[in-house]
Amino acid sequence: MADDKNLEQEPPEAAEPKGVGWHLRQAREGKGLSIEQIAAETRISKRHIESIEAGRFEELPGRTYAIGFSRTIAKTVGLDQADVAAMVREEIQDDRLRERQAGNGSGTFEPGDPTRAPGGRLVWFSLFAVLLLLFGIFFAARAWFSPAAELPSLAAETSGEVAQNGRAGEGVPQISPNSETAPVDAAGPVVFTAEGEVWVRFYDAQNRVLSEQTLKQGDSYTVPADAVGPKIMTGRPNLLAITIGGRSVPRLSDELVTVQDVEVSAQALRARERPTPVAAANAAD
């Protein structure tokens, strides 16, 4: 009978692995803090904090943000930032390895297996692409090496225009001054343009979010003219080109580094252009 009772008992459940998100949640709850309080203190959105605590790092904008946000949360809840960052890197690496293994499965290509050979459509498409490439090379070479006599003489046209106008230089369009040397319009709009995929958050002096989004290549964001003390937070300032009234100004950083609480009003950005008295004195020496 005793053996029958032992057989009827359910086997103990395997302990669920505890990742870095579980440790962050336990530390937060141990301090009696809510996700909303962590979001207000770190300026990280509630959605991102929930994703980190659940271990869903793929929902974040990228690997850099996953590590940076986790370090910030760890500092707030009293955990070691370096240990947390190392755990995040390890979990992301493990997830990618499992994805590759799941994607490969048993579908690896075996040499000599006719069932896995490229299909006929793929072969014909490859041949068509090669023919297009050869035609393109042929016509490009023909245009490049064609006799110069077939092209109109630019020098003759220019001399004729000068003779018709009566004196050299008259009627020739004048080159406008370099826009880089033109003064910045302090009242002009401040525009951030992405030169790659980059997550940004803009907020004002009262910590009210003006915009939080992931800008793609070529996307732009114009800071509202009525924003009071507008600031920015991003992990890729080196991918953000800045203009004030259409004139380029230096980037916030040329390196991949997280910046936050940096004021991006026209006055603040212009102040970054001017060298400090100490820097000017050192340059003079």
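Which residue of β8 is the bridge partner of Lys 231? In β8 that partner is Glu 263, and the pairing belongs to one of the sheets described below.

The structure is a predicted model, in which local features need pLDDT of at least 70 and side-chain atom pairs count only at pLDDT 80 or more, whereas totals for chains, interfaces and linings use all residues. Residues are numbered from 1 along each chain as its sequence is written, and side-chain values use heavy atoms, with hydrogens and water left out.

Helices (H or I, at least four residues) and strands (E, at least two) are taken as DSSP runs numbered from the N terminus, and two strands are regarded as paired if DSSP finds at least two bridges between them. Strands of a sheet pair through backbone hydrogen bonds, either parallel or antiparallel. An open sheet is formed by four strands in the order β3-β2-β5-β8, with antiparallel pairing. Because β3 (209-215) and β8 (259-263) stand at the edges with a single partner strand each, one side of each is left without a neighbour in the sheet. Direction ignored, neighbouring strands of this sheet are turned by 15° against each other on average; here and below, axes are lines fitted to C-alpha atoms, for helices over the stretch in contact, and angles run from 0 to 180 degrees between N-to-C directions.

Within this sheet, β2 is joined to β3 by six bridges in the antiparallel sense, and Phe 202 stands opposite Ser 211 in β3. The hairpin of β2 and β3 has five residues between the strands, and in this hairpin Asn 207 takes a positive phi near 65°. Strand β2 (residues 198-203) is also joined to β5, by four bridges, and the two run antiparallel; here Phe 202 stands opposite Ile 232 in β5. Strand β5 (residues 231-234) is in turn linked to β8 through three bridges, again antiparallel, with Ile 232 opposite Val 262 in β8.

A further open sheet of four strands has the order β4-β1-β6-β7, and its pairing is likewise antiparallel. Its edges are held by β4 (220-222) and β7 (247-249), each with a single partner strand, so that one side of each lacks a neighbour in the sheet. From one strand to the next, the twist averages 30°. Strand β1 (residues 190-194) pairs with β4 in the antiparallel sense over three bridges, and the bridge partner of Phe 192 in β4 is Tyr 221. Helix α9 (residues 266-273) lies across β1, β6 (240-244) and β7, and runs at about 105° to β6.

Among the helices, α2 (residues 20-30) and α5 (residues 63-77) pack at an angle of about 30°, with their axes 9 Å apart. This angle makes α2 roughly parallel to α5, on a scale where angles under 35 degrees count as roughly parallel, over 145 as roughly antiparallel, 65 to 115 as roughly perpendicular and the rest as oblique. The crossing of α2 and α5 is left-handed, a term used if the near helix is turned anticlockwise from the far one by less than a right angle, with right-handed used if clockwise. In contact, defined as heavy atoms within 4.5 Å, Leu 24, Ala 27 and Arg 28 in α2 meet Ser 70, Ile 73, Ala 74 and Val 77 in α5. By class, the contact of α2 with α5 comprises five nonpolar, one polar and one charged residues, where Ala, Val, Leu, Ile, Met, Phe, Trp, Tyr, Cys and Pro count as nonpolar, Asp, Glu, Lys and Arg as charged, and the others, Gly among them, as polar.

Helix α5 is also approached by α4, the axes of α4 and α5 coming within 11 Å and crossing at roughly 90°, which makes α4 roughly perpendicular to α5. His 48, Ile 49 and Ile 52 of α4 and Phe 69, Ser 70 and Ile 73 of α5 make this contact, which has four nonpolar, two polar and no charged residues.

Aromatic pairs were assigned where ring centres of Phe, Tyr and Trp (its six-membered ring) lie within 6.5 Å, planes under 30 degrees apart counting as stacked, over 60 as edge-to-face and the rest as tilted. By this rule the count comes to five aromatic pairs. Phe 69 and Trp 199 form an edge-to-face pair, at 5.6 Å centre to centre and with 80° between the planes. Since Phe 69 lies in helix α5 and Trp 199 in strand β2, the pair ties together parts that are 130 residues apart in sequence.
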